[in-house]
Amino acid sequence: MSTAQQPALQAYRASILHFHADPAVDNDATQWHEDGLLIVREGRIEAAGDYAQLHASLPPDTAVTDYRGKLIVPGFIDTHLHFPQTDIIASPAPGLLPWLEQYTFPAERRFAEPEHAAEVAEFFLDQLLRCGTTTAMVYCTVHPESAEAFFSASEKRNLRMVAGKVLMDRNCPEFLRDTAEGGARDTEDLIRKWHKRGRQLVAITPRFAPTSTDAQLQLAGELARAYPDTYIQTHVAESTDEVAWVKQLFPSARSYLDVYDRVGLLRPRAMYGHGIWLDDADFRRMAETQAAIAVCPTSNLFLGSGLFDFARADAARVPLSLATDVGGGTSFSMLQTMNEALKVARMGGTALSALRMFYLATLGAARSMQLEGTIGSFAPGTEADFIVLDPQATPLLARRTARTGSLEELLFAFALLGDDRSVAATYAAGCNVHQREI
């Protein structure tokens, strides 16, 4: 990793792909330059286009980094994952609720220790960057120290990250329980210290409805109204057991989603993990409020939670993105997440194109987060977060991509056969923050 001072003007030659629309609804959604040039000035995109048209605009002494034979795309955006669960990824359990009790809660206990939280945060960010993820919406633990450690590590690398201290004041071990008032106070402290400090953004983070009292959810809603440009993140309708539990705890609510809606937690910049068991009224309400869903296929399959219904969500025009959901999710790689999303969609009768999946992991995610124009594309002025994908990364990927006849086939090969090895380099705000070892 290198975060040394970069030249004010940088240029990169490679095939270049980004989006200006959703390819599911717009046949001209892509900007594709087979022999392209990406120009970066002071950490932001200045131009992206054909090399033949742009190279003459460069000052004569500009060094051009040559990535010909590789593909440059915007950095991946992972909209739902848990940094304290890094060490329990791939832990066996019969379902979501037993997995929380047996693995998650004991692992999270240690994050009251600042040194432990800091060490895991560094490893976690290393894994994201090696997989090409430059922005993520991250759950910390109930301990403010965990959020401090995460933001400090992210700030040091100048990454665009969203994170929040978990709110959890019931139905959890005593050692992980905060209070309604204390949790709100800690969250407000984080907002005042970290929100919009450099590239850091804060999320109000009730873990999920069963572990928050009505009082805690009410205070979370009050924070959301007091700080309307902050994020909200939580879980909804992940498993049938969870949905039944919510019905017992909140019998007056129309649905699981309604528990959040009635306290004001549905709005733009609200990201809901999973959404498998939502009904049509829930989908309509999410579309009305521009609250978004983070689709988490690897964790849904791993925990047996169910299959997300892309067709119903798209019909309602709910903002969607893809997420790894580490540590219930089984990989930090957004390419591997695309692999599983494709299969989940097909089991539900929807064919996801590779173009759509790359959109959901870049501009689609940025739009879900209300960050279009900041990240997720190569529009002029956006932050220069980008990755270099190598079609020669493995013998099988090289053999398959040598026989691709279209952009769709090339991206499909990356999505089905790619992983962290496919990421040759990762850049954040124009700085190289990961270089694959040869």
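Hi everyone, this is a short tour of one predicted protein chain, from its overall build down to a few single residues.

First, the ground rules. Because this is a predicted model, local features need pLDDT of at least 70 and side-chain atom pairs count only at pLDDT 80 or more, while totals for chains, interfaces and linings use all residues. Residues are numbered from 1 along each chain as its sequence is written, and side-chain values use heavy atoms, with hydrogens and water left out.

Let's start with the whole chain. There are 16 helices and 16 strands; these are DSSP runs numbered from the N terminus, with helices being H or I over at least four residues and strands being E over at least two. Along the principal axes, the C-alpha atoms fill a box of roughly 65 × 45 × 40 Å.

How much of the chain is buried? Buried residues make up 61% of the 438, where buried means under 20% relative accessible area, exposed means over 50%, and partly exposed lies in between, with a 1.4 Å probe and protein chains only. The accessible surface comes to about 16200 Å², and 50% of that belongs to carbon and sulfur atoms; the areas come from the Shrake-Rupley method with a 1.4 Å probe, and for residues only the protein chains shown count as cover.

On to contacts, meaning heavy atoms within 4.5 Å. Of those between residues at least 6 apart in sequence, 74% join residues at least 24 apart.

Now for some strands. β6, residues 133-139, pairs with β7 in the parallel sense over 3 bridges; pairing requires that DSSP finds at least two bridges between two strands. Y139 stands opposite G164 in β7. In a regular strand the side chains alternate between the two faces of the sheet. In β7, residues 161-164, M161 and A163 point one way, V162 and G164 point the other way, and all are buried.

Next, the region around helix α8, residues 256-261. D261 is in this helix and counts as buried, because its relative accessibility is 18%. Setting aside residues up to four places away in sequence, D261 touches L266 and R285.

L265 is in the loop between α8 and β11. Is L265 buried or exposed? L265 is buried, with a relative accessible area of 0%. Beyond neighbours within four places in sequence, its contacts include P206, L217, I232 and Y272. A224 is also one of the contacts of L265, and the C-alpha atoms of L265 and A224 are separated by 6.8 Å, although the two are 41 residues apart along the chain.

H274, in strand β11, has a phi near 90 degrees, a positive value in a residue other than glycine. H274 counts as buried, because its relative accessibility is 0%. A429 is not a glycine either, and has a positive phi of about 50 degrees. A429 is in the loop between β15 and β16, and at 16% relative accessibility counts as buried.

Where is there a cis peptide bond? One joins V326 and G327, with omega at about 5 degrees. G327 is in the loop between β13 and α12.
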